[in-house]
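The sequence and the model are shown first.

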Amino acid sequence: MIPSVNDSGTRTIGLLAYLYETGIYEDHTDPHLVASFDGMSPDPGRDPHATLKDLQLLLDQPLFALPQHARPAKHVWHTSVRATADDRILSDEEWGEIARRVVAATGIDPGDGQPGCRWAAVRHADDHIHIVATLVCEDGSRPDDFRSGQRAQAECRLIEKEYGLHEVTPGDGTAAQRPTSAERHKAERQGRERTAREELRETVRRAVAGAVSEEEFFDRLAAAGLLIRKRAAPSGDLLGYKVALPDDLNKDDEPVFYPGARLAPDLSLPRIRERWSAGGHDQGAVSAGPKEAVVPGGPSAARRRTASAAWQAVVVIEYGDDAVAAAHIASAGEVLDALAKTSAAHTRAQLRDAAVAFERASRSHVRAERGHDRALRQAARDLVHGGPALGRGEDGAMTAMAIDMLFFLITAAAHWHAKKGHAQQAAAARKAAEHLRSAYQLAAARPLGALYQRGRNLGRPLLQRQTTVLRQALPDMAEQILAEPGWYALAATLTDAETAGHDPASLLADAARRRELGTAESVSDVLVWRLRRAAGLPADTSDMATATPQPEESAPRAGRQTPRRSGSRRGRA
């Protein structure tokens, strides 16, 4: 059950007209009252003699009883209360009782002899109601509706339990502001998939990903086509900013601007500056360079560095201080934004959905200590400046490797939030991980297919040799891995590592020991990417799909470093 308290309004009749309108909005069917302050209010949806004006005058009567100068300008209180998609359809009587509990909990009509406001609850769809109230009590006083949104949320958690409904995870006040009903309906009228607020939030998040200065940030916003207004102090110092979509206009045909803080708490200019200042830590400074600098190695190199940074960040989140872990989780959101922005078409939708879902997980009441998250922020910057990646070749294969590492990073973030009791953030991280899993399957099909074919072509003696290596290095997991289709890709990778001078058994044991594998759908797939990253092997081997690698059969020459030491050194995360 999801209550959404909107900003106070000025025209009761205008809101009632919207709620009772049936000719424009598809979900407006059979609008009618399910409850009201006196139980006898005129209902234009049921009584053919009742009008919207009758209901408006009744609700606003306490307002008109005040002298003109004492009437509050914004006197209309409005909230919607919506069931979730998997809830049963509630009856009018149940919705009426829910409405009475919400207005009591929020202070609109507290009951028990206390003065209350006049209100009415309108149902025009199966899954939700709207409550309209006039913010003047019967005795002319103002209601105690402070933090009515939080109070409505708390009451709805109780209602869910008592009615056997889906229990929504509680919030902690750090979520981004939801679009208002007016914004949602405006988007529907304009044929937009998302509201202007949601589109702006995503665009600003992508602009800040890996940015290192105000100039670069605002240049990115302008390049994305947004209108920008900056707010400066008399001294000329910049205090804040607002953004708008050029085609999102109000009734006066003027652009509708949103301050950064109204898009999300961490998108205010002061909070964005914290990322750049790095909290005073020298190690936190992200390498700036020219704004249009080309990252050496292009998209594939940027993705390899992203995989390494994600791999390191998992340890920090699992074992580091809370403030440092929170910074890494926040920066993981930047990496997802940057990866979605620069990904190939076949993975773009899932990566974008992962970034949007993780947005909620990137903030909590644990204040991030910036500076220690330098590697992740640099990875986000490299992804942006590395440019768009191809969906094939080394770009495509390295995208799969990066997604694989990010999956474990986001999963670690979900576990961290769950341990802290951050229910909404943990749920958001889990949702993001599922999108990453889907994106990985799309990205990994081609490179793993090439490795699989090479593994099948190894020949029986060499394949048996790698089977022995596997059983020696991972005796408890060997049979599970050998039964997976991905075993052949892993066998090819072990052969590549041995050919490059590494000890495959040492690499394999190290890769399995450093991170848990229980959340992996395919352990062999995960080990393929961990080994190829640790050994510095190319991710794409499609041009060698029919080749059979031939590692050295002889023992190491005198004076040559042993493979075990080499593998251990290079495999360290």
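## Basis of the model

The model is predicted, so local features need pLDDT of at least 70 and side-chain atom pairs count only at pLDDT 80 or more, while totals for chains, interfaces and linings use all residues. Residues are numbered from 1 along each chain as its sequence is written, and side-chain values use heavy atoms, with hydrogens and water left out.

## The second largest pocket

The second largest pocket has a volume of about 1300 Å³. Its lining consists of 35 residues, of which Asp7, Thr180, Ser181, Ala182 and Glu183 are the closest to the centre. On a 1 Å grid over the protein atoms alone, a cavity is a set of points where a 1.4 Å probe fits but cannot get out, whereas a pocket is an open set with protein on both sides within 12 Å along at least five of seven lines; lining residues have an atom within 4 Å of a point. Grid points are joined across faces, edges and corners, and the volume is the space filled by probe spheres set on the points.

At least two lining residues each come from helix H1 (12-20), strand E3 (76-82), helix H5 (181-190), helix H6 (196-208) and strand E8 (258-259). Helices (H or I, at least four residues) and strands (E, at least two) are DSSP runs, numbered from the N terminus. H5 provides the largest share of this lining, eight residues. By residue class, the lining divides into 12 nonpolar, 12 polar and 11 charged residues (nonpolar: Ala, Val, Leu, Ile, Met, Phe, Trp, Tyr, Cys and Pro; charged: Asp, Glu, Lys and Arg; polar: the others, Gly among them).

## Aromatic pairs and charges over rings

Rings of Phe, Tyr and Trp (its six-membered ring) pair if their centres lie within 6.5 Å; planes under 30 degrees apart count as stacked, over 60 as edge-to-face and the rest as tilted. By this rule there are six aromatic pairs. Among them, Phe217 and Tyr241 are edge-to-face, at 5.5 Å centre to centre with 85° between the planes. This pair links distant parts of the chain, 24 residues apart: Phe217 lies in helix H7 (residues 214-223) and Tyr241 in strand E7 (residues 238-244). Phe407 and Phe408 also form an edge-to-face pair, with 5.4 Å between centres and 90° between planes.

Phe217, Phe218, Tyr241 and Trp276 form one aromatic cluster. Lys230 lies over the face of Phe218, 4.3 Å from the ring centre, and the charged end of Arg456 sits over the ring of Tyr488, 4.8 Å from its centre. A charge sits over a ring if NZ of Lys or CZ of Arg is within 6 Å of the ring centre and within 35 degrees of the ring normal.

## A buried histidine

His124 is found in strand E4 (residues 117-125). This residue counts as buried because its relative accessibility is 1% (buried is under 20% relative accessible area, exposed over 50%, partly exposed in between; 1.4 Å probe, protein chains only). The side chains of His124 and His130 make a polar contact at 3.3 Å. Such a contact is a pair of N or O atoms within 3.5 Å; within protein, one must be able to donate a hydrogen and the other to accept it, and residues adjacent in sequence count only if both atoms are side-chain atoms.

## Loop residues with positive phi

Asp112, although not a glycine, has a positive phi of about 55°. Asp112 lies in the loop between helix H3 (92-105) and E4 and is exposed, with a relative accessible area of 79%.

Asp253, also not a glycine, has a positive phi of about 60°. The loop between E7 and E8 holds Asp253, which is exposed at a relative accessible area of 59%.
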